[in-house]
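Here is a short briefing on one protein chain. Keep the structure open beside the text as you read.

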Amino acid sequence: MKKTKKNVITGKDADIPISTDSSGQPTIAQNAGNGFSRRDFVKKMALGSAGVGLFTASGVEKSWAVHPRRDGNFRFVHLTDTHVRRARRGDEGYARCVEHVRSLSPRPDFVLMGGDGPFDGLYTDKDEFIDQIGLYKAISDDLGMPWYNCIGNHDVLGWSARRKVPVDDPDIGKTLIMNMLGMEQSYYSFDLFGWHFVVLDCIQPVDTSHGPSYIPSIDDEQLDWLRFDLARNMHKPTVAVTHIAAFCHLGQIRQDHDMPSMHGRVLQNTRDLRLILERHGNVRALLQGHTHINEDYRFNDIWYVTSQSVSAAWWGGNWIGFKPGYSVFDVKGGELTWHRREFEWQHHLEPGDNLERERIAELEAFREEQARLRRKELARSAE
Ligand SMILES: [Fe+2]
């Protein structure tokens, strides 16, 4: 099945080519999971590819343009772990982030979301989760540029022992968020500016003694889809996205010898994924989230970048020293570079957020101690 079709931007900037292939023809490829190429997917995904229609919760279509760059250079942003919620004024914080992204110069062309868009569906009341998804979508739409959604562990309804819905709720799992965002597939790929982008779904269902739950993994069916998707697009530089990381060094960062290296914080089948990414030779980077900290690691010529989170400590202050922030990726002369950005946001704790207050006090005490040690060491080295 041919996966690439010619297309032009719809909407107010109609007839502007999105990108060009080697023959100079404007092209856009949009490949949904399971090996399908779906025209409707292009139109309905909350994400819509370049300038394609994006449906709001009210069903009103918006169109945004991705402007072609004759020099092939472009910029995109990775926003992850936004955890949008009304509590702690997280919705206002995310709106501040969106404003910050819009004000970047040069302005980004599109956004790759990293998962955990709304605050939580694992153990939050369903109505509240629905409200959070609605906020996440509405505020993301204010980016005014295409955004591509990725499923995170907090994006699923009730796959947890702490669920607030019955196990037979028809919306349990990914259904609710996918319906609200108009996603027809939880993993997919697309092309922009001659590059290939792959959005993976690493949240897999598993039955446990307490009911449905999830494991962080790329399932076999998706790996099968991925190997052929990459093979078909091996002549294009590729960037992939996953919510839970293939590589994470929290154990080393904390010097925690008891932290299981393969539990919860990283994919359970990193090697299976890594070998496929490496085999096709044109995968430049895997963008990761979940831990809310920034990491940068290269292995076998693939760049594993974990972006710090937009929400920091779920909008409750900094997380291990990381303020609310995100990553900016630039492609210039065919080379990918990135840097991180932070935006000013004063956290607003709720009356019951005592654990957060304790955590913030501990962080401040830690910083004061580091400053004291630094002063002492500088004074001694000057003697
Ligand atoms: Fe998160």
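Two strands pair if DSSP finds at least two bridges between them. Helices (H or I, at least four residues) and strands (E, at least two) are DSSP runs, numbered from the N terminus. This is a predicted model: local features need pLDDT of at least 70, side-chain atom pairs count only at pLDDT 80 or more, and totals for chains, interfaces and linings use all residues. Residues are numbered from 1 along each chain as its sequence is written.

**The whole chain**

- The chain holds eight helices and 17 strands.
- Of its 383 residues, 44% count as buried. A residue is buried if 20 or more other C-beta atoms lie within 10 Å of its own, exposed if 12 or fewer, and partly exposed in between; C-beta atoms are placed from the backbone.
- Two residues are in contact if their C-beta atoms, placed from the backbone, lie within 7 Å. Among contacts in the chain with a separation of 6 or more, 69% are between residues 24 or more positions apart.

**The five-stranded sheet**

- An open sheet is built from five strands in the order β7-β6-β5-β16-β17, with mixed pairing.
- Its edge strands are β7 (147-148) and β17 (335-342), and each pairs on one side only.
- Strand β6 (residues 110-113) runs parallel to β7, and two bridges join them. Val 111 has Trp 147 of β7 as its bridge partner.
- β5 and β16 run antiparallel, joined by five bridges. Phe 76 is partnered there by Phe 329 in β16.
- β16 and β17 are also antiparallel, with eight bridges. Tyr 326 faces Arg 341 in β17.
- β16 and β17 form a hairpin with two residues between the strands. Gly 333 takes a positive phi near 60° in this hairpin.

- Strand β14 (residues 295-299) is joined to β15 by five bridges, and the two run antiparallel. The bridge partner of Glu 295 is Thr 306 in β15.
- These two strands, β14 and β15, form a hairpin with two residues between them. In the turn, Asn 300 has a positive phi of about 50°.
- Strand β13 (residues 283-288) pairs in the parallel sense with β15 (residues 302-306), over four bridges. Leu 286 stands opposite Tyr 304 in β15.

- Helix α2 (residues 90-102) has 13 residues. From first C-alpha to last, α2 reaches 18 Å, close to the 18 Å expected at 1.5 Å a residue. The expected span of a helix is 1.5 Å times one less than its number of residues.
- Which residues of α2 are buried? They are Gly 90, Asp 91, Gly 93, Tyr 94, Cys 97, Val 98 and Val 101.
- These residues cover an arc of only 160° around the axis, which puts them on the same side of α2. The arc is that of the directions from the helix axis to the C-beta atoms.
- An α-helix has 3.6 residues a turn, so residues three or four places apart point the same way.
- The buried residues of α2 pack against β5 (74-79), β6, α3 (126-141) and β16 (325-332).
- Helix α8 (residues 354-381) has 28 residues, which should span 40 Å at 1.5 Å a residue. Its end C-alpha atoms are 41 Å apart, which agrees.
- Is α8 largely in the open or buried? The number of its residues that are buried is zero, so α8 lies largely in the open.

**The nonpolar core**

- A nonpolar core is a set of buried Ala, Val, Leu, Ile, Met, Phe, Trp, Tyr and Cys residues joined through C-beta atoms within 7 Å.
- The largest such core has 78 residues. Val 111, Leu 112, Phe 197, Val 199, Leu 200 and Ala 240 touch the most other members.
- Helix α3 gives the largest share of this core, five residues.
- Leaving aside neighbours within four places in sequence, Leu 112 is in contact with Phe 76, His 78, Tyr 148, Phe 197, Val 241 and Leu 287.

**Two loop residues**

- Ala 161 sits in the loop between β7 and α4 (175-181). With 13 C-beta neighbours inside 10 Å, Ala 161 counts as partly exposed.
- Asp 201 sits in the loop between β9 (195-199) and β10 (203-208). Asp 201 is buried, with 25 other C-beta atoms within 10 Å.
- Leaving aside neighbours within four places in sequence, Asp 201 is in contact with Ile 151, Ser 186, Tyr 187 and Gln 222.
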